[in-house]
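Have the viewer open and follow along.

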Amino acid sequence: MSSEVIGREVKRRRTFAIISHPDAGKSTMTEALALHARMISEAGAVHGKGGRRSTVSDWMEMEKARGISVSSTALQFKYACEATGDDKDFPHVINLVDTPGHSDFSEDTYRVLTAVDAAVMLIDAAKGLEPQTLKLFQVCRHRGIPVITVINKWDRPGQTPLELIDEISERIGLIPTPMFLPVGIAGDFRGLLDRRTGDYVKFTRTAGGAKIAPEELLDADATAQAEGDAWTAAAEESELLSELGQDHDQEMFLAGQTSPMIFTSAMLNFGVRQLLETLVEFAPPPRGRESIDGVAREVTDPFSAVVFKVQAGMDSSHRDRLAYMRIVSGEFERGMVVNHAQTGKPFATKYAQAVFGRDRATVDTAYPGDVVGLVNAMTLAPGDTLYLDPKVQYPPIPSFAPEHFSSLRVTTADKYKQFRKAIDQLDAEGVVQVLRNDIRGDASPVLAAVGPMQFEVVTARMKAEFNVDTIIEPLGYALARRTDEASVAELNRQRGVEVFTRSDGAILALFSDKWRLQYIEKEHKDLHLEPLVAAA
Ligand code: G4P
């Protein structure tokens, strides 16, 4: 495959994730995007409305019982962008990598962000910035991922645009640069003022918000008459923002300093096309990456990919283990035998699939930015590299700051061997972090997680796949710091502290609460206590 073809394919790709707090409307927005990309003809297929919550993804009984999505999956769709003048026969290709939507989110949510080139921060107009959004935003900032801000649910009463803009600038230091401003206050969403053209995009509601909302483009004069004060308010806000310098600046956006902002109603399908246009026009296409030894691999170089998630024990019709890889360079063709950098062994990709929820389709070719699910990937773990020569190995995915700690015990002594095997397997898959120390011994490791649901996944899989009954007991620790050998003895003398070695060799000190940590830091300034990535 010529590098020219790969280059063209890369240029038309956008890979992003939606970061939001539960209930901000991520599922509804995902569906609205699919509707606009003509993947579905009516809203209600991906996300069941009116309590009919259907499956975006459902695996394991516990997920079904709670009606939530535990797994990360990727949705690919094509979109012919007006702003970039797309040829309908060669539209943009958009990969939306889904993140678990429940508040008990886990490391998987964070790992997804290692696989995307941009993020859409979805905010409820009434609630503003919420805790989970903030945590995910910190990961984006840490990884230098540019963020587009979407204020959703504008059809319902909420804050004013300027209040929301202030809140975002002040609390997280990200400067919103609205591309579109709403005409009509929150709760009276009539349309959008396009700040670049000065035109008015007027929306018309469709029955139940099931279809794409028709748009009418009006110039400023016609609108001033039709919409009166609502238009004047939006025009004044726009002027004020321009005076403050809050106009889009591509360099500042890519540097993570500013964020193009849009106002939407995912439920009514208002502003969704504008989001797609903004995403395609401004979000960056996939780029090459540096290997662990600092060598750049360009997107047009031979095939390479990073595994960012491994998932097992999926729903009963597909019992297998799936590894999701994000392609970094080159062309992927199903059936290719690639190399696994971590083991040095070949890996056959006969059963490559695109996975979104229950639906799976065979993938024959894929390009940088695409996400491909590899079936029966028993040897692959998050952070692993797959490649075709020349060899490349990408830096490992960082492990994220755990906030929940529990000890795990097997209930029947004769199952100890299986228990060890299961722990090692789940650890290698990155289901949970496994910590050990001499006092507790091997029979009772401590599990560390970003979200407590990770513990339930461990006990459920222990039983289902290894037939081992376990008891999980929460421990009274709330946060972890990375430390070093020289600090261990002093830390062990402290109350409310316990030191462990994680399976990757990192030495972690767990603290009962942040006051204990602050006290120890103050009293013992020589101790090495380093925050972990994405510490809340
Ligand atoms: P999530 O994935 O981020 O958790 O949010 P989800 O899309 O499930 O939306 C949460 C609730 O907010 C849903 O209502 C959904 O219909 C509603 N919602 C989403 N976007 C909008 C919007 O733009 N405007 C309004 N008014 N509501 C919106 P629900 O009552 O919990 O569920 P359902 O009965 O509608 O399914």
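## The seven-stranded sheet

What is the strand order in the open sheet of seven strands, and what kind of pairing does it have? The order reads E2-E3-E1-E4-E5-E11-E6, and the pairing is mixed. Bear in mind that this is a predicted model. At the edges sit strand E2 (74–79) and strand E6 (175–178), each pairing on one side only. Ignoring direction, neighbouring strands here are turned by 30 degrees against each other on average.

Helix H2 (residues 26–36) packs on this sheet and touches strand E1 (13–20), E2, strand E3 (92–97), strand E4 (118–124) and strand E5 (147–152). The direction of H2 makes about 155 degrees with that of E1. Over at E6, the pairing with strand E11 (residues 258–263) is parallel and runs over four bridges. Helix H6 (residues 161–172) lies across E5 and E6, and runs at about 145 degrees to E6.

## The four-stranded sheet

Another open sheet has four strands in the order E7-E8-E9-E10, with antiparallel pairing. Strand E7 (180–183) and strand E10 (215–218) are at its edges with a single partner strand each, so one side of each has no neighbour in the sheet.

Gly-191 stands opposite Lys-202 in E9.

## The whole chain and its domains

Zooming out, the protein chain has 14 helices and 30 strands. Of its 536 residues, 47% count as buried. Among contacts with a separation of 6 or more, 70% come from residues 24 or more positions apart.

The chain is divided into domain 1 (12–43 + 69–282), domain 2 (289–387) and domain 3 (404–531). The centres of domain 2 and domain 3, taken over C-alpha atoms, are separated by 30 Å. Five residues of domain 2 are in contact with six residues of domain 3. On the domain 2 side of that contact, four residues are nonpolar, one is polar and none is charged.

## Helix H12 and its surroundings

Helix H12 (residues 453–466) has 14 residues. From first C-alpha to last it reaches 19 Å, close to the 20 Å expected at 1.5 Å a residue. Buried residues in H12 are Met-453, Gln-454, Phe-455, Val-457, Val-458 and Met-462. Their cover includes helix H4 (107–112), strand E24 (404–410), helix H11 (416–429), strand E26 (446–449) and strand E27 (470–474).

H12 is followed by Asn-467, in the loop between H12 and E27. Asn-467 is not a glycine, yet has a positive phi of about 55 degrees. Why does Asn-467 count as exposed? Because it has 10 C-beta neighbours inside 10 Å, and a residue is exposed at 12 or fewer.

## Backbone spots to check

Asp-23, in the loop between E1 and H2, also has a positive phi, about 85 degrees, although it is not a glycine. With 14 other C-beta atoms within 10 Å, Asp-23 is partly exposed.

Then there is a cis peptide bond, from Asp-389 to Pro-390, with omega near 5 degrees. Look for Pro-390 in the loop between strand E23 (385–387) and E24.

Methods
Residues numbered from 1 in each chain as written. Predicted model: local features only at pLDDT ≥ 70, side-chain atom pairs only at ≥ 80, totals over all residues. Helix = DSSP H or I, 4+ residues; strand = E, 2+ residues; numbered from the N terminus. Buried ≥ 20, exposed ≤ 12 C-beta atoms within 10 Å, placed from the backbone. Contact = placed C-beta atoms within 7 Å. Domains from an automatic or database assignment. Nonpolar A, V, L, I, M, F, W, Y, C, P; charged D, E, K, R; others polar. Pairing = 2+ DSSP bridges. Axes fitted to C-alpha atoms, helices over the stretch in contact; angles between N-to-C directions. Expected span 1.5 Å × (residues − 1).
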